[in-house]
Amino acid sequence: MKKIIIGNFKMNTTPSEFKSYAMALATKTKGTKNDVIVCPPYTHLGTAKQILAGSHIYYGAQNISEEESGAFTGEISASMIKDLGAEYVIVGHSERRGKFKENDKVVNKKIKTALANGLKVILCVGENLQTRTNKQAAMFVKKQLDDDLKGIYENELESVIIAYEPIWAIGTGKNVTVTEIHKMTDLIRKEIEYLYSEKAGRGINIVYGGSVGLTNYKKLLSNDFLNGVMIGNICLEIDNFTLICRENY
Ligand code: PGA
């Protein structure tokens, strides 16, 4: 089955490094049945347009402003990245929520701005370790979905991918068990069903992120309940990322 493989570069690589990377990735992953999406820093999107536009690889940004334009020094708008051919944007990554204090209200506004500008959204949700230890992960993720998707219409969900990324598993090497991930994807589908419809719950694309790498990608991608994976650290290693992008089920 076709899977979605997302590479989140975070604040890594220079534009020149990305140029070589993108050229190599396009060649090495030619023929893959999966949807490959790379999200490099903003400064690399012009290069992405040169190298990847028209190829089988999609690209996107890691963030956008919730505002359309105006006096917001240092911010980047949805229409700017759209103009550079970006098709996706990551919204609500836990590093933005935690380090840049983005709350669900801001995340909700960013999703609306992205969709209004014709971008597809990769919406990140997930609990921290304390919330999980207190057995409140289910409630926490449900609330994130309720708040983040407020006012989003059912027909817009085809432009939304949900990335379940438990914060305690991001960049830590801690592997979440497939059973735990399955439980959470079931919960997410149920909540989407509750908010929209059974069809919406069944149809929503859910990927898992958090220390996905060579030891666990096969296990994750072989499950029907999961539509793909989102990869941070390992996507910087082109040979390993290629291997995952080429995985076919
Ligand atoms: P990681 O990051 O693969 O390095 O854990 C995942 C992410 O933050 O999207």
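Here are some notes on the ligand site and the aromatic side chains of this predicted model.

1. **Who lines the ligand site.** The ligand has 13 residues around it, and Lys 10, His 93, Glu 165, Gly 171 and Ser 211 are the closest of them. Sorted by class, that shell holds seven polar, four nonpolar and two charged residues.

2. The side chain of Lys 10 places an N or O atom 2.7 Å from a ligand oxygen.

3. Taken on its own, the ligand has 280 Å² of accessible area, and the protein covers 99% of that.

4. Turning to the rings, the model has five aromatic pairs. One of them is Phe 18 with Tyr 21: the ring centres are 6.3 Å apart and the planes meet at 15°, so this pair counts as stacked, the cut-off being under 30 degrees. Both residues belong to helix H1 (residues 15-28), and because they are three residues apart there, about one helical turn separates them. Phe 18 and Tyr 21 are both buried.

5. **A tilted pair between two strands.** Tyr 164 and Tyr 208 pair up too, with 6.2 Å from centre to centre and 55° between the planes, which makes the pair tilted. Tyr 164 is in strand E6 (residues 160-164) and Tyr 208 is in strand E7 (residues 205-209), so the pair ties together parts of the chain that are 44 residues apart in sequence. Are these two tyrosines buried or exposed? Tyr 164 is buried, because its relative accessibility is 1%, and Tyr 208 is buried as well, at 2% relative accessible area; the cut-off for buried is under 20%.

6. **A charge over a ring.** One last thing to look at is Arg 96, which sits over the face of Phe 100, 4.1 Å from the centre of the ring.

Key: Residues numbered from 1 in each chain as written. Predicted model: local features only at pLDDT ≥ 70, side-chain atom pairs only at ≥ 80, totals over all residues. Heavy atoms only, no water. Near = heavy atom within 4 Å. Polar contact = N/O pair within 3.5 Å; in protein donor to acceptor, adjacent residues only side chain to side chain. Areas by Shrake-Rupley, 256 points an atom, 1.4 Å probe, with all protein chains shown as cover. Nonpolar A, V, L, I, M, F, W, Y, C, P; charged D, E, K, R; others polar. Phe/Tyr/Trp six-rings, centres within 6.5 Å; stacked < 30°, edge-to-face > 60°. Helix = DSSP H or I, 4+ residues; strand = E, 2+ residues; numbered from the N terminus. Buried < 20%, exposed > 50% of the residue type's maximum accessible area, 1.4 Å probe, protein only. Lys NZ or Arg CZ within 6 Å of the ring centre and 35° of its normal.
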